[in-house]
Amino acid sequence: MDPRQEVLRAVPRWADTAWEMQSHLLRALLLKHPTVAASHTSAAVLYGLPLPNRFADPRLHVATTVKNARIRRPGVVLHRVTDFGFVTILGHQLISAPYLFLQLAPAWQLQDLVRLGDAMIGNWHGPPLCSLGALTQLAASKKYLRGRERVQAALGLIRPDVDSPMETDLRLWTISVGLPEPSVHPAVHCSALGCEVHPDLGYREAQLALEYEGDHHRTDRRQWDTDISRVNALVQEGWQVIRVNSRTDRRTLEQTIRARLRESGLIP
């Protein structure tokens, strides 16, 4: 192939430098080692899953079931495993999401693992990668499983339809301070808009909504206009809306939530 010839390939809209590097390394490696699939942190990067900063790794991690496989290349880490499943996405062979979940579980903290599971079964960068049932079934099928207690705890906290890691963190924070767990995206019919609105988190009985707003809510004018319309519509239906960002004082937030839940008789 002429090295000057342009080659078109599909790239996700959300792809960053880390994705590009892992993509190039994997595509090149597969030409000589077609039995491998990206695994561990490399698979997480290529799926677009939330990766804790402490686990950022520029090396390419791959796995194979071939017992005598050898790869001696700088920047490539080979993991020989007994079993795995893989999928092909945009020309990349990636270990399937349920197996990836179990690969990462032993080293990850509970909150990070819940974020990972929420992302896998949610619609972050497209359709869900798997279901909660698939994660649970694979974990249950393993006679020996490293970090089983942590895996079981995470599976009990993973929820569908979560939109971002910040929403996961906010939901887990409410649990950590002893508040009832809010519902994810409760449906609220808003007459002003003539449709249902789904706040990030909410307590239906208390008509209390929690909306997490990242910087894109402020910088994207269309998103900002939509946010205002949604909040106004919820308020007209009698809901209290608390808008949260990374700088929100959590002690004050907890007090505000508790006051509303007490008024509604949900907590003493």
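Student: Let's start with R159. Which residue does R159 form a salt bridge with?
Tutor: That would be E181, and the closest N and O atoms of the pair are 2.9 Å apart. Keep in mind that this is a predicted model.

Student: Where do R159 and E181 sit?
Tutor: Both are in loops: R159 in the one between α6 (148-155) and α7, E181 in the one between α7 and β6 (183-184).

Student: Which residues are linked with R159 and E181 in a network of salt bridges?
Tutor: D118 and R171 join them in that network.

Student: And how many salt bridges turn up in the whole structure?
Tutor: A search finds ten. Another one pairs R115 with D169, where the closest N and O atoms are 2.9 Å apart.

Student: What does the R115 and D169 pair tie together?
Tutor: Parts that are 54 residues apart in sequence, because R115 lies in helix α4 and D169 in helix α7 (residues 165-176).

Student: Is R115 buried or exposed?
Tutor: Buried, with a relative accessible area of 18%. The cut-off for buried is under 20%, so D169 at 22% counts as partly exposed.

Student: OK, switching to packing. How many residues does the largest nonpolar core have?
Tutor: It has 47, and the ones with the most contacts inside it are V62, F101 and M120. Helix α4 (residues 110-121) supplies the largest share of this core, six residues.

Student: What does V62 touch?
Tutor: Leaving out residues up to four places away in sequence, its contacts include L26, L29, V36, I71, V76 and L78.

Student: Which residues are in the second core?
Tutor: That one is separate and has 17 residues, among them Y203, A206, L210 and I257.

Student: Back to L26 and L29 for a moment. Which residues of α1 are buried?
Tutor: W19, Q22, S23, L26, L29 and L30. Seen down the axis of α1, they fall within an arc of 145 degrees, so they line one face of the helix.

Student: Why would residues spaced like that point the same way?
Tutor: An α-helix has 3.6 residues a turn, so residues three or four places apart point the same way.

Student: What covers the buried residues of α1, and what's exposed on the other side?
Tutor: The cover includes β1 (37-38), α2 (40-47), β2 (60-64), β3 (76-80) and β5 (92-95). On the other side, T17, L31 and K32 are exposed.

Student: What caps the N-terminal end of α1?
Tutor: D16 does, with a side-chain oxygen 3.3 Å from the backbone nitrogen of A18.

Student: Last one: how far apart are the end C-alpha atoms of α1, against what they should span?
Tutor: They are 24 Å apart, and at 1.5 Å a residue the 16 residues of α1 (residues 17-32) should span 22 Å, which agrees.

Conventions
Residues are numbered from 1 along each chain as its sequence is written. This is a predicted model: local features need pLDDT of at least 70, side-chain atom pairs count only at pLDDT 80 or more; totals for chains, interfaces and linings use all residues. Side-chain values use heavy atoms; hydrogens and water are left out. A nonpolar core is a set of buried Ala, Val, Leu, Ile, Met, Phe, Trp, Tyr and Cys residues joined through side-chain atoms within 4.5 Å. Buried means under 20% relative accessible area, exposed over 50%, partly exposed in between (1.4 Å probe, protein chains only). Helices (H or I, at least four residues) and strands (E, at least two) are DSSP runs, numbered from the N terminus. Contact means heavy atoms within 4.5 Å. A salt bridge is a side-chain nitrogen of Lys or Arg within 4 Å of a carboxyl oxygen of Asp or Glu. The expected span of a helix is 1.5 Å times one less than its number of residues. The arc is that of the directions from the helix axis to the C-beta atoms. A polar contact is a pair of N or O atoms within 3.5 Å; within protein, one must be able to donate a hydrogen and the other to accept it, and residues adjacent in sequence count only if both atoms are side-chain atoms.
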